[in-house]
Structures are given as structure tokens and as C-alpha cells.
Amino acid sequence: MTDSQITALLVDRSVLALTLWAEARDQGLDGLNAVGCVIRNRMADPRWPDTAKGVCLQPKQFSCWNPGGDANHARLMAQAERMVTGLPVTDPRLAECLFLADGLLSGVLIDRTKGSTNYWAPLAMIPAGRIPDWAKGKRPVTIGDHKFLKL
């Protein structure tokens, strides 16, 4: 299957969980929840789509979905293909992300990002530690290795 065929078959819950897994699987539960809150906060903001799938799959917003733009993309698509073909989730962190996706989509998880709609990973920036232009002069919330802002 092609990437576009796979993503067409994914539902909100799966896209949200896969995005958490690819973007923050090494950040613990707080980091996973924080990235999920950014997605949920965008869903409530008229500047973005109102679905998790719509928010996550917007071009250049979550690098894991950009072919050739992220080392995680191939791993993400392999997990996504397993999901759409009905194979069981065997990665324990991805299973955890599915559980978190349920909590995020139902609104029961608390937003500790203070309403953030954007985030970045300073260690992943080139050069490492660089602050994106849109974040300069602002006071981010730090959760794990990521910085969160409401723009």
C-alpha cells in the first residue's frame, strides 16, 4: 500500500496515537499527553481543522507524516499499515498512545501545556538548541525535552 492509501484508511484515534508515538515516544506519559494536547488545542482553534486526523496530517506540521522529512516516517507508516490491515499492535508504547488518544479525544486528560498550539524539540533543531523564529521572545512551558507555546 502507498502512504496515501494507508492514511486514507486511518481514523482520528489511530492518527492521533501514531503521531504521539512518532513525535514523543521517548518523552514519557507527560510528554505524550502534552503533544496530544497541542493537537486537541488546535482542533478547538478555527485556524486549524477540527479533527485529529486533519490537524496531524497538515503538511509540515508534524514532521513524522512528511515523507523524506523525518527519520520516523518509515517506522510510522509501517505501524499505520499494520493498523489498517487489522494486525495487532505489538509495540507497548503505541498501545499506550492509543489509550492516551482515547483520553484526549474524550476530553478527560488535563492540559498541562496552558493551551499550547505549538511545540518544538530544541535538541532536534538544526543547529541543536536553536529557537524557531515563531518562539523567540516568548515564555514556553517545558515538558520533557519539548517546549510548548500558545500562539
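Q: How many Å does helix H6 reach from its first C-alpha to its last?
A: In this predicted model, helix H6 covers residues 92-106 and has 15 residues. At 1.5 Å a residue, a span of 21 Å is expected, and the helix comes close to that, with a reach of 22 Å.

Q: Which helices are included in what covers the buried residues of H6?
A: The buried residues of H6 include Leu94, Cys97 and Leu98, and Leu100, Ala101, Gly103 and Leu104 are buried as well. What covers these buried residues includes helix H2 (12-24), helix H3 (28-43) and helix H5 (73-84).

Q: Which residue has a side-chain oxygen that reaches to the backbone nitrogen of arginine 93?
A: This approach lies at the start of H6, where the oxygen comes to within 2.9 Å of the backbone nitrogen of arginine 93. The side chain that supplies the oxygen belongs to aspartate 91.

Q: Is threonine 113 buried or exposed?
A: Threonine 113 sits in the loop between H6 and strand E1 (118-120), and it touches residues including Ala34, Cys37, Val141 and Phe148. Buried means under 20% relative accessible area. Because the relative accessible area of threonine 113 is 0%, this residue is buried.

Q: Which strands stand at the edges of the sheet?
A: The open sheet is formed by 3 strands in the order E1-E3-E2, with antiparallel pairing. Two of these strands each have a single partner strand, so one side of each is left without a neighbour in the sheet, and they are E1 and strand E2 (141-143).

Technical notes. Residues are numbered from 1 along each chain as its sequence is written. This is a predicted model: local features need pLDDT of at least 70, side-chain atom pairs count only at pLDDT 80 or more; totals for chains, interfaces and linings use all residues. Side-chain values use heavy atoms; hydrogens and water are left out. Helices (H or I, at least four residues) and strands (E, at least two) are DSSP runs, numbered from the N terminus. The expected span of a helix is 1.5 Å times one less than its number of residues. Buried means under 20% relative accessible area, exposed over 50%, partly exposed in between (1.4 Å probe, protein chains only). Contact means heavy atoms within 4.5 Å. A polar contact is a pair of N or O atoms within 3.5 Å; within protein, one must be able to donate a hydrogen and the other to accept it, and residues adjacent in sequence count only if both atoms are side-chain atoms. Two strands pair if DSSP finds at least two bridges between them. Lists of a residue's contacts leave out its neighbours within four places in sequence.
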